[in-house]
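Thank you all for coming.

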Amino acid sequence: MKKFLKINILVVLTLLFTACEKKDEVKVEENIIKSVFVIKPTLKNEKQNRVFNASASSNHQIKLSFKVQGNLNYFKTQIGDEVKAGELIATLDSKPYELKVSQIKYAQSEANASLQNAKSIYERTKKLYINQNASVSDIDNARAIFEATKAKLENISKELEYASLQESYTKLYAPISGYISAKYVNENENIALGTPIVLISDKVVDEVRVQVPEVFINKIKKDSKVKVIFNSIDEKPFEAKISEISKYASLNEKTYLVVVKLENSSKLIKAGMSADVYFDVEDKTESSLYLLPANSVLKDKNGYFVYVLNKQNDKYFVKRKDVKVANLLPKGFEITDGLNENDLVLKAGMSEVFENMQVVIANEKELGN
């Protein structure tokens, strides 16, 4: 019996020691602190080269349309075709307008005959009146009929002039020499008054249009020098200068249209070609611009933010920091506000941390801390 009690006591003690060891293991696991890699924001130079996507544009573009309506019975022009000033572009069916002109001409001939008759009667009445063979009322009536017929003929002549003008509007000619940049309709369509038909652009494409973000729009000036590179043209950068800066933002994004004028264009440049415009932007504001890797910058419903480390009594804790973002460059995001050069920003693993979480820096020696 005593032997049995000793064995039981030994088993209980063994279980107690095992439980204590497991508790100690749990405590050790709970005290494990996550290691993270951090970086410091890169401070960019005050004078920097900004690159924005752009597209080539003709200096002079004209959207052609008919001044009358009708069926488009001739329209052979294709996009890219070269046209000369005065060249026929398209025609409408002119038969309805020709018929109108014919009808007015017939009315004009009748009115002209009536005028000649009224004139003869008026001349005879004047002679009779002089010889006292016609009364005052006779000559007044003859004169009134003559003047009314004359006025009617003048009115018909104006109607004929207008109808002939309408007929001439059934033919559409190129006002300038250039290229067909766009077609808006097809042959045999019924065209309403003022419907765009084609867009003609100058042969020389010497402008580039670029949308510049609001954060940089006040840092560029009219007549400033820029460089333009066309990806599809294997040539040196084109020298250019800023010719126009819009004062109004675009509807969809907070960007402003900037027109850049090429100093020396090329026949290889076509309207609509994509290009990169390089601006020298000088930042004279007190705020600095930093660069962070794209994977370090997060975004939620409240905007862009990063995780930084806050040091308290030689311990580091994770903190959220809201930032303002400008452009996404190949090296990362440009941060215009919210950071300073001493911030320790998490480089990766943001999904595994949370606010006020204690961490240790795995690459502290690299930072020189």
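Leaving aside its neighbours within four places in sequence, which residues is Val228 in contact with? Before I answer, please note that this is a predicted model, in which local features need pLDDT of at least 70 and side-chain atom pairs count only at pLDDT 80 or more, while totals for chains, interfaces and linings use all residues. Residues are numbered from 1 along each chain as its sequence is written, and side-chain values use heavy atoms, with hydrogens and water left out.

With contact meaning heavy atoms within 4.5 Å, the partners of Val228 are Val208, Pro237, Phe238, Ala240, Val260, Leu262, Ala275, Asp276 and Val277.

Val228 also belongs, with Phe230 and Phe279, to the residues with the most contacts inside the largest nonpolar core, which has 25 residues. Such a core is a set of buried Ala, Val, Leu, Ile, Met, Phe, Trp, Tyr and Cys residues joined through side-chain atoms within 4.5 Å, where buried means under 20% relative accessible area with a 1.4 Å probe, protein chains only. Strand 16 (255-262) is one of the elements that each supply at least two residues of this core, and its four residues are the largest share; strands here are DSSP runs of E, at least two residues long, numbered from the N terminus. Apart from this core lies another, of 20 residues, including Phe75 and Ile180.

Among the residues closest to the centre of the largest pocket are Phe52 and Asn327, and strand 22 gives the most to the lining, with six residues. A pocket, on a 1 Å grid over the protein atoms alone, is an open set of points where a 1.4 Å probe fits, with protein on both sides within 12 Å along at least five of seven lines, and lining residues have an atom within 4 Å of a point.

Technical notes. Buried means under 20% relative accessible area, exposed over 50%, partly exposed in between (1.4 Å probe, protein chains only).
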